[in-house]
Amino acid sequence: MANTISFVFPTSKHNLCIFHIDLNLKKNVKPKLGLQKFSEFRAEFFSCRNSLVYEIFESKWKILIEKYPEISKYLKRMLEPTKETTQNQMKHSFFYDAYLVDKDTIQQDSVELGLELGLELGLGVRLGVDNTDDNEGFQEDDYDATQILLQTIIRKIQNLLNVKIWKVKPELSQTKSHFVVLMADGSFSCTCNLLISYGIPCRYFYRVLRKSSQAKFHISLINQRWYQDSKLNIDDKEIALLNIISIVEDHNSSAVIHEEINFNYIHHVRDEQVYTKKLQVIISAKLKYGKAFGFTKKALDLTQKLDCYNELNGLLQIYIEEKQQELLCN
């Protein structure tokens with residue numbers, strides 16, 4: 001499968017599934033370490049795997065290799081080649097509060113952001129600070145867990161002149177928060193990283209959309225793999241001409257020229273569309289086959305209950321003969 005994927009999608013990167021990695025660890029590592037030691041190893045492994053900073057990840061990975069020499073060969077052989085750091089929305093967004101953060105003083109705010117930026121600079125390695133919200137289990141399953149650091153997002157933005165940073169917190173719980181970065185071209189990025197990992201805007205963005213005039217919604221923010229089949233053939237130029245939605249009116253500044261809102265940052269990050277026409281045809285054929293198979297199964301169930309096999313067989317025989325004749329004529 002890996003060879004086929006690299007052939008069909010040459011620009012893709014092959015990563016291992018964390019769910020199956022966990023299953024293989026239980027199968028291959030647990031017998032060697034024993035129950036108690038394996039539980040300690042598994043917690044440390046997920047702490048390493050869920051790291052958001054490359055230096056911290058590498059430091060924890062090196063400690064794992066040295067601390068558990070009896071399984072170091074297995075870890076190096078199976079995981080070393082592919083290891084890397086982990087990098088209904090509208091309804092839920094009503095339960096979050098958002099406020100603007102001053103980007104010019106963001107690196108000086110030691111209370112709110114100092115720890116995060118310190119970890120990004122590698123200070124967490126020396127201080128022994130853990131940068132993950134949850135060291136146990138799959139971090140992607142925790143919607144509120146930070147998937148990418150704010151400073152990492154800022155580093156990738158070339159023009160910071162018109163960037164606005166919003167901090168979004170749940171109204172009922174102030175323990176966790178996310179940062180939504182709004183850019184001049186209409187793009188946005190959030191520390192939950194849902195726009196990249198799932199291809200849809202997150203609840204934090206929708207909250208900011210109702211509070212900021214700079215927040216813009218456009219259908220192109222949703223990845224094309226979520227479009228209905230009837231909409232997949234729409235040209236990119238046609239999509240670009242569709243309305244850009246801004247809920248909050250800006251009365252203090254001049255209107256932004258439409259051509260400037262082109263979402264270039266999002267298109268650059270996503271790169272080319274993976275959901276190509278070739279893949280669309282394959283998936284469409286599978287869906288049609290599945291639907292036909294469902295009808296067939298239901299027909300067989302009714303035939304069995306009513307004991308009318310001769311009637312069904314007759315209909316199928318007529319249908320098959322007609323379609324075979326069509327193939328011969330074509």
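Buried means under 20% relative accessible area, exposed over 50%, and partly exposed in between, with a 1.4 Å probe and protein chains only. This is a predicted model, in which local features need pLDDT of at least 70, side-chain atom pairs count only at pLDDT 80 or more, and totals for chains, interfaces and linings use all residues. Residues are numbered from 1 along each chain as its sequence is written, and side-chain values use heavy atoms, leaving out hydrogens and water.

**Whole chain**

Show the protein chain as a cartoon. There are 16 helices and four strands. Both are DSSP runs numbered from the N terminus: helices are H or I with at least four residues, strands E with at least two. Of the 330 residues, 36% count as buried. Switch to the surface. The accessible area is about 21500 Å², and 56% of that belongs to carbon and sulfur atoms. The areas come from the Shrake-Rupley method with a 1.4 Å probe; for residues, only the protein chains shown count as cover.

**Helix α4**

Select residues 35-49, helix α4. The helix has 15 residues and reaches 21 Å from first C-alpha to last, close to the 21 Å expected at 1.5 Å a residue. That expected span is 1.5 Å times one less than the number of residues. Its buried residues are Phe38, Phe41, Arg42, Phe45, Phe46, Ser47, Cys48 and Arg49. Their cover includes α2 (18-28), α3 (30-33), α5 (54-67) and α6 (72-78).

**Aromatic pairs**

Rings of Phe, Tyr and Trp (its six-membered ring) pair if their centres lie within 6.5 Å; planes under 30 degrees apart count as stacked, over 60 as edge-to-face, the rest as tilted. The count by this rule is eight aromatic pairs. Zoom in on Phe38 and Phe41: the ring centres are 6.3 Å apart and the planes stand at 40°, so the pair is tilted. These two residues sit three apart in α4, about one turn of the helix.

Jump to Tyr206 and Phe217, a tilted pair at 6.4 Å centre to centre and 35° between the planes. Tyr206 is in helix α12 (203-209) and Phe217 in the loop between α12 and α13 (236-240), so the pair ties together parts eleven residues apart in sequence. Tyr206 is buried at 10% relative accessible area. Phe217 is buried too, at 16%.

**Nonpolar cores**

A nonpolar core is a set of buried Ala, Val, Leu, Ile, Met, Phe, Trp, Tyr and Cys residues joined through side-chain atoms within 4.5 Å. The largest has 36 residues; Ile165, Val180, Val181, Leu182, Phe188, Cys202 and Phe205 touch the most other members. Helix α12 gives the most to this core, with five residues. Select Phe188. Beyond four places in sequence, its contacts (heavy atoms within 4.5 Å) include Val180, Leu195, Phe205 and Ile266.

A second, separate core of 19 residues includes Ile18, Leu33, Phe38 and Phe57. Phe57 lies in helix α5 and is buried at 4% relative accessible area.

**Confidence**

Last, colour by pLDDT, the predictor's confidence in each residue, from 0 to 100. The chain averages 75, and 68% of the residues score at least 70. Residues 107-135 fall below 50. So do residues 254-259, a stretch with three contacts beyond near neighbours in sequence. Where pLDDT is low, the predicted coordinates should not be read in detail.
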